[in-house]
Amino acid sequence: AVVSTQSTGKKGKKKGDKKSKSKSQKSKSPNKGRDLDIEGVTRTQILECKLDATEKSRSEYRDKARKLLTENDLLQTQMSSTERDTIEVISYLKKEDLAKDQMIEQLQGQLKNLKQ
């Protein structure tokens, strides 16, 4: 009989503990609601900050992309102009070289005629 009383006593304590926990849970549940509201607000604020930062970053990225596009176009135009100028200079130098070669041949021919 003593053993059964002890096991019943233990069960009673467990039930009592559960009741006391449920009372403490009831007292904490209104605070939890407030905590959840505060957490929700802070989460919302965090998400809004992240959104603002993302939009700012996106805007800066677009501005930089436009700037790079403009600069790239300018550089391509300059490169084309430089290539045209280079081709013109090389063509001019080749023409002068041919003219000088012809002049050398004429002078060598005149020199041969004079020697004979």
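Trainee: How many of the residues count as buried?
Mentor: Of the 116 residues in the chain, 0% count as buried, where buried means under 20% relative accessible area, exposed over 50%, and partly exposed in between, with a 1.4 Å probe and protein chains only. This is a predicted model, with local features needing pLDDT of at least 70 and side-chain atom pairs pLDDT 80 or more, while totals for chains, interfaces and linings use all residues. Residues are numbered from 1 along each chain as its sequence is written, and side-chain values use heavy atoms, without hydrogens and water.

Trainee: What about helices and strands, how many?
Mentor: One helix and zero strands, taken as DSSP runs (H or I of at least four residues for helices, E of at least two for strands), numbered from the N terminus.

Trainee: And how many salt bridges?
Mentor: One, counting a side-chain nitrogen of Lys or Arg within 4 Å of a carboxyl oxygen of Asp or Glu. D63 and R66 form it, at 3.4 Å from N to O. Both lie in helix α1 (residues 2-115), three residues apart, about one turn of the helix.

Trainee: Is R66 buried or exposed?
Mentor: R66 is exposed, at 52% relative accessible area, whereas D63 is partly exposed, at 43%.

Trainee: Switching to confidence: what's the mean pLDDT?
Mentor: The mean is 81, and 69% of the residues reach 70 or more; pLDDT is the predictor's confidence in each residue, from 0 to 100.

Trainee: Where does pLDDT stay under 50?
Mentor: Over residues 1-9, among other places, and over residues 15-28. Where pLDDT is low, the predicted coordinates should not be read in detail.

Terms used. Contact means heavy atoms within 4.5 Å.
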